[in-house]
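Subject: Structure for you to look at

Hello,

Please find the structure below, with the sequence alongside. My notes on what was found follow it.

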Amino acid sequence: MFSLSKPILSPVRPTLPPVRCGSRELRERIKTVQTTQKITEAMKLISAARVRRAQEAVVSGRPFSSNLAAMLNDITQRLQNDDVSTPLTHARPVRTVALVVVTADRGLCGGFNKSVIRKALVRIEELEKLNLGCVVISVGKKGNSFFTHSINKKHPFVKVDSFIEIGGFPTAKEAQVIADDVFSLFVSEEVDKVELVYAKFVSLVRFEPVIQNLLPLGEVCDVKDEIFRLSSKEGKLAVERDVVKLKKEGEMCFPLMEFEQDPVMILDAMLPLYLNSQVLRGLQESMASELAARMVAMSNATDNAVDLSKRLSVEYNRERQAKITGELLEIVAGAEALAEND
Amino acid sequence: IREARDYDHWRSCLSTNSGQIGVLPNHAPIATVIDIGILRIHLKDQWLTMALMGGFARINNNEIIVLVNDAEKDSDIDPQDAQQTLEIAKANLNKAEGKRQTIEANLALRRARTRVEAINVIS
């Protein structure tokens, strides 16, 4: 004998916004999200590996910088009595400034490109208020496309001198192209000051857009080479930034060292090398910052994909249960109807 | 950065702005500008030849430190590519107009010629 009272179902409040699509679309959506998660995770791992390569590039460049700085210090000390001036160290009244803006070639690295471009724009506006001219040398595809399409509308006085694309890890050749451009602009007095806008590598989760003065060259002080080391701390990727004071390799120098040529010529030969190393350093830091930013962005994207996949699975299962429950209710109602007729 | 160090059996030749210089053991300490030219190092009965693209060198304490913008070993240079680059550079020099273009074309020509010479060094 069946019970005569019908079951009363209390309405279940949805804790999530309802998904308005069928089961099939929902299932396909879950697959898509999981595929995206695999892609973003792979990109995260690739970026982590390339950060290490960027670190090695910086470390391998240190002997050059170390020896160059030591020699420059030594020679400038010897020439202190003489009033020596070369084109690259000549400071003159500033009427035009050149900005070398270093951005990435690809996106998917969080706010990296936008923050560097914003830093450059702020500087451009400062120069505009000071009634100074501005010339831009853009490095990287993202910066190139921005300065091609957007800059002339808001800041028509800005002249874009050249676009440079590196497309990979920066080497001395790419730095040479930029340094040559900067050199010719400065020596021909088209610009009176050159600044480098790039993202300085701070840690794996942070970078800082900075503006570094390139020309005229100031006094070369002791070189403190901050290097970053990628390490595994408690199973997670971590970075430690050391300040390494490079040893002075010129300390063993004989006091009677001869100069084969006039000291001015020697300085003329050394300073372009120094300029090149400064540019290369900026490019390498920018590359490391870009890779770290991409690693963080892809890590966040992976986490978001996992959360979204779980949520969609819950919705899918809930919809399946609702469907099954509906069918069960129909069967029970039919059975009760038959029972009443007996 | 290139360092060559062997106190008893080494020699080297450098192209400087004021001509080529040879460096033997116990050379006097000097600092010199490196022109676009060829660096040759003799070490253990073998000559190593490199094309240098300008820079700076320092000789001190039986040690030579050469800092250059760019350097290529003779074994790394492709002969046909180098020869072709030289022909192109010559043609560009003939077409160059204006002082700046002439200077740049001249520089490219010297670089290309140095790479060709690095391959064809008689040793």
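What percentage of the contacts in chain B with a separation of 6 or more is accounted for by residues 24 or more positions apart? The figure is 53%. Please keep in mind throughout that this is a predicted model.

Chain B

Chain B has 123 residues, of which 43% are buried. Two helices and seven strands make up its secondary structure, and along the sequence they follow the pattern β-β-β-β-β-β-β-α-α.

Chain A

Chain A contains seven helices and eight strands. It has 342 residues, and 41% of them are buried. Of the contacts in chain A between residues at least 6 apart in sequence, 78% join residues at least 24 apart. Chain A exposes about 19,700 Å², and carbon and sulfur atoms account for 55% of this.

Salt bridges

Over all chains, the structure holds nine salt bridges. As background, side chains of opposite charge can pair when their charged atoms come close.

In chain A, the side chains of A:Asp192 and A:Arg92 form a salt bridge, at 2.9 Å from N to O. A:Asp192 is in the loop between helix 6 and strand 4 (193-203), while A:Arg92 is in the loop between helix 2 and strand 1 (96-102), so the bridge ties together parts of chain A that are 100 residues apart in sequence. Both A:Asp192 and A:Arg92 are buried.

A network of salt bridges links A:Arg123, A:Glu126, A:Lys193 and A:Glu195. Within it, A:Glu195 pairs with A:Lys193, with 3.2 Å between the closest N and O atoms. A:Glu195 is buried, at 3% relative accessibility, whereas A:Lys193 is partly exposed, at 23%.

A:Arg123 sits in helix 3 (residues 112-129) of chain A. It is buried because its relative accessibility is 17%, and the cut-off for buried is under 20%. The side chain of A:Arg123 makes a polar contact with that of A:Glu195 at 2.8 Å. Leaving aside residues up to four places away in sequence, A:Arg123 touches A:Leu99, A:Lys193, A:Glu195 and A:Ile211.

Where the chains meet

The contact between the chains takes 27 residues from chain A and 23 residues from chain B. Together the two chains bury about 2,200 Å², with 59% of it on carbon and sulfur atoms. Helix 2 (62-78), helix 6 (172-187), strand 8 (258-259) and helix 7 (263-341) of chain A each supply at least two residues of the side that touches chain B. Helix 2 gives the largest share, seven residues. The count of salt bridges between chain A and chain B is zero.

Cysteines

The count of disulfides over all chains is zero. A:Cys109 is buried, at 1% relative accessibility, and A:Cys134 is buried at 3%.

Regards

Methods:
Residues numbered from 1 in each chain as written. Chains lettered and ligands numbered in written order. Predicted model: local features only at pLDDT ≥ 70, side-chain atom pairs only at ≥ 80, totals over all residues. Heavy atoms only, no water. Disulfide = S-S within 2.5 Å. Buried < 20%, exposed > 50% of the residue type's maximum accessible area, 1.4 Å probe, protein only. Helix = DSSP H or I, 4+ residues; strand = E, 2+ residues; numbered from the N terminus. Contact = heavy atoms within 4.5 Å. Areas by Shrake-Rupley, 256 points an atom, 1.4 Å probe, with all protein chains shown as cover. Buried area = accessible area lost by both parts, 1.4 Å probe. Salt bridge = Lys/Arg side-chain N within 4 Å of Asp/Glu carboxyl O. Polar contact = N/O pair within 3.5 Å; in protein donor to acceptor, adjacent residues only side chain to side chain.
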